[in-house]
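I opened my notebook to go through this model one feature at a time. Here is what I looked up, in the order I got to it.

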Amino acid sequence: MKKVFLVLGLLVMLAANAQMPGNNLPRFIRWVDNDQILVSTRLNKETTPKEYLYNTVTKQYSAAPAATSTPAEKSVVVKNANIFLKENGAEVQLTFDADEEKNPTLSPDGNYVGYTKNNNLYTLSLADKKEYAITSEKTKGILNGYASWVYFEEIFGRPTQYRAFWWSPDSKYISFMRFDEREVPMFPIYNSDGQHGFIEETRYPKAGDPNPTVKIGWTSPTGGNITWADFKEQEDQYFGWPIWNPNNNSMWMSWMDRGQNNLMIYELDMTTGAKKEVYKEYQKTWIDLEDRVSGRINFLANNQGYIAQSDASGYNHLYLYNMDGKLINAITSGKFTVTGIKQIDEKNKTIYFTARGLENTARVDLYAVYFNGTSLARLTTGDYNNSQVYLSPDTKKIITVYSNVNTPTTMGVIHRKDKTKTIQVIATAVDSSYKAENFAKTELIRIKSADGLYELPALVTWPKNMDPTKKYPMLVSIYGGPSAGTVMDNWSNPAYKEPLAKEGLIQVAFDHRASGHFGKEGVNYMYRNLGYWEMTDYMTMAKWFIENGHADPKKIAITGFSYGGYMSCYALTFGSSVFTHAMAGGSVTAWELYDSHYTERFMDTPKENPEGYKSGSVMTHIKNFKGVLQLVHGSSDDNVHMQNSIQLLSALQDNGKEVEFMLYPGGRHGWGGAKGKHFADLKTKFIYTHLLEKPVPAAK
């Protein structure tokens with residue numbers, strides 16, 4: 001399940017009429033040398049961005065010479081179901097058949113293209129345009145090089161577009177996964193188009209269902225015998241995205257049991273299929289199979305070892321291992337979260353990384369530390385969240401894109417030789433017309449959890465010209481999932497929130513204890529118990545606003561989509577003693593209705609944890625339902641099935657409860673176009689009708 005955010009229609013409708021500060025922020029592309037960066041920006045009132053060099057010493061822009069501009073790389077694309085090669089401004093068609101090719105991927109040496117069609121894997125030689133069938137299975141439910149749905153959605157991620165094949169770094173092998181999904185239940189999605197409509201069928205394993213079985217194989221770019229990795233295909237297991245060791249071109253593969261608390265990483269021999277254990281981890285709750293930012297495994301040169309990331313201690317940290325998987329030492333430790341590796345300086349045995357929580361859980365900073373864990377130093381400065389950081393090749397300079405709720409987003413450079421760590425400003429996201437005092441006040445506050453263990457963050461925009469003698473309606477925007485917080489100490493354009501602030505609405509985002517602010521330690525509260533702690537913390541925070549923030553207890557609304565939709569529905573059942581209104585989209589309403597990998601990671605199976613599934617179901621608490629619920633769903637949602645909303649509607653009807661429901665025909669897990677505008681307008685109308693109790697302003 002991925003985070004989905006849909007903006008409020010009113011913000012889109014009215015912000016266009018508000019004063020919008022100009023956005024002058026360049027887009028960083030890369031360091032050209034130790035002094036110059038390549039950026040894309042507009043200078044001299046240009047209408048479209050161009051590439052320029054910025055010199056961090058002279059503080060001057062100059063035209064980017066052709067040699068430094070971003071080169072046009074050789075690439076392959078699919079057009080009209082066939083593959084085309086783009087090179088040196090020319091486009092050449094490579095395939096000519098009627099079957100649709102998918103995910104064309106060039107080999108690293110540029111001599112071959114790998115792709116799938118009809119659920120089989122193919123390669124094509126660019127030298128002679130000859131096609132090779134790596135596999136040729138015709139059995140329905142067998143996929144070669146093309147991922148089964150649960151791997152695409154939950155393990156590999158949507159940007160992979162179902163690709164499940166990989167070239168070795170030396171281009172000598174093409175590797176792929178073979179999925180057998182014949183035992184995975186088929187979920188029907190009805191599409192109403194045409195006279196008779198039709199059924200889409202997806203092999204979708206819900207919690208406790210059979211998963212696809214998987215094999216991993218390799219062969220040469222021109223096919224031939226396939227070597228299969230030494231795993232037992234029928235075991236209940238998961239595999240991750242491959243990790244390639246550039247030192248010897250070997251593949252390392254993450255393996256996990258279905259319970260998702262045992263992780264093994266193996267080095268695989270592509271000539272024999274043999275596997276060798278190189279990393280092992282166990283946690284009582286679960287381990288995320290998806291790779292960490294910057295890599296779970298980061299190899300040192302010449303097979304001198306690797307640096308791993310793990311949150312087994314309760315916070316994500318860095319560890320130094322030898323190549324046999326023996327821990328040498330922890331590099332970082334403490335109650336803070338490493339968020340990514342930026343650079344590894346092997347000569348000086350120093351690692352540069354980003355982390356949150358050393359200064360503030362809502363801010364990211366850049367740090368350096370020796371491999372042995374000593375001399376930890378903060379390299380960024382000030383009370384800012386550094387959303388982007390880029391080290392120069394010699395690590396002497398840092399480009400940072402930073403802000404906080406009161407400081408507009410700024411790009412600057414820090415010269416490390418400057419002991420004061422002054423930030424040399426390159427550009428800001430606003431022009432001189434921006435005046436903070438012209439907009440409603442936004443601030444980041446902390447609210448103590450009911451059990452006193454956590455200082456929970458909330459980002460609030462108060463009503464304009466707030467009257468302390470009045471009570472104001474409040475709208476809480478959330479997502480709510482594990483490690484999926486939305487509250488950071490970032491600046492956002494206040495013009496978007498200004499229209500509702502002028503109307504007298506308190507606009508706030510909440511993060512609970514398991515949102516990522518408090519590491520895996522906080523997220524572990526969700527184990528076998530989705531729903532409870534998120535809503536408990538949200539209720540505590542809402543009560544604080546009622547008691548201390550002038551929020552009207554009769555108008556406490558919450559809105560979200562996907563997991564946020566689940567929390568919004570849960571708020572008017574489990575949390576109905578506090579929340580009075582909700583707008584819920586694409587909502588999970590019972591966890592047995594969602595997919596195996598995501599749900600079981602936190603909840604185990606319904607058979608193993610029946611009480612947890614019962615407690616986390618919106619339907620369990622339906623008799624407590626009160627308030628006003630706007631429920632929406634896309635009819636063709638293949639992620640969170642419309643079945644969730646249908647079952648909730650049935651339960652509400654059976655208990656004599658009223659609900660506002662809107663169906664979006666053909667909508668997936670989110671939708672745009674005219675239906676997207678309709679949805680945004682629907683939310684706007686809900687806010688004005690139920691919270692502000694006035695007509696929606698006419699669009700100008």
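How much space lies in the largest pocket? I found about 1,300 Å³ there. This is a predicted model, so I kept to its limits: local features need pLDDT of at least 70, side-chain atom pairs count only at pLDDT 80 or more, and totals for chains, interfaces and linings use all residues. Residues are numbered from 1 along each chain as its sequence is written, and side-chain values use heavy atoms, with hydrogens and water left out.

**Entry: the largest pocket**

I noted 46 lining residues, of which Asp-288, Val-293, Pro-482, Ser-483 and Ala-484 are the closest to the centre of the largest pocket. The elements that give two or more residues to its lining are β28 (337-345), β29 (350-356), β32 (385-391), α4 (519-523) and α7 (596-603). Of these, β32 gives the largest share, six residues. By type I have 15 nonpolar, 18 polar and 13 charged residues in the lining.

My terms: a pocket is an open set of points on a 1 Å grid over the protein atoms alone, where a 1.4 Å probe fits, with protein on both sides within 12 Å along at least five of seven lines; lining residues have an atom within 4 Å of a point. The volume is the space filled by probe spheres set on the points, which are joined across faces, edges and corners. Ala, Val, Leu, Ile, Met, Phe, Trp, Tyr, Cys and Pro count as nonpolar, Asp, Glu, Lys and Arg as charged, and the others, Gly among them, as polar. Helices (H or I, at least four residues) and strands (E, at least two) are DSSP runs, numbered from the N terminus.

**Entry: Phe-686 and its helix**

Next I turned to Phe-686, which lies in helix α10 (residues 673-692). Why do I call Phe-686 buried? Because its relative accessible area is 2%, and buried means under 20% (1.4 Å probe, protein chains only). Beyond four places in sequence, Phe-686 touches His-581, Ala-582, Met-583, Val-628, Gln-630, Glu-660 and Leu-691; contact means heavy atoms within 4.5 Å. Glu-660 is 26 residues from Phe-686 in sequence, and their C-alpha atoms are 9.8 Å apart.

I also checked the helix itself. With 20 residues, α10 reaches 27 Å from first C-alpha to last, close to the 28 Å expected (1.5 Å times one less than the number of residues). Its buried residues include Gly-676, Phe-679, Ala-680 and Tyr-688. Glu-693 follows α10 with a positive phi, near 55°.

**Entry: helix α6 and Thr-605**

Nine of the nine residues of α6 (residues 563-571) are buried, so this helix is largely enclosed by the rest of the structure. Thr-605 sits in the loop between α7 and α8 (610-616). I count Thr-605 as buried because its relative accessible area is 15%.

**Entry: hairpins**

Strands β5 (residues 75-79) and β6 (residues 82-87) run antiparallel, joined by five bridges; I take strands as paired if DSSP finds at least two bridges between them. Val-76 has Leu-85 as its bridge partner. Two residues separate β5 and β6 in their hairpin, and Asn-80 in the turn has a positive phi of about 55°.

Then β6 pairs with β7 (residues 90-93), antiparallel over four bridges. Lys-86 is partnered by Glu-91.

Definitions and conventions
Buried means under 20% relative accessible area, exposed over 50%, partly exposed in between (1.4 Å probe, protein chains only).
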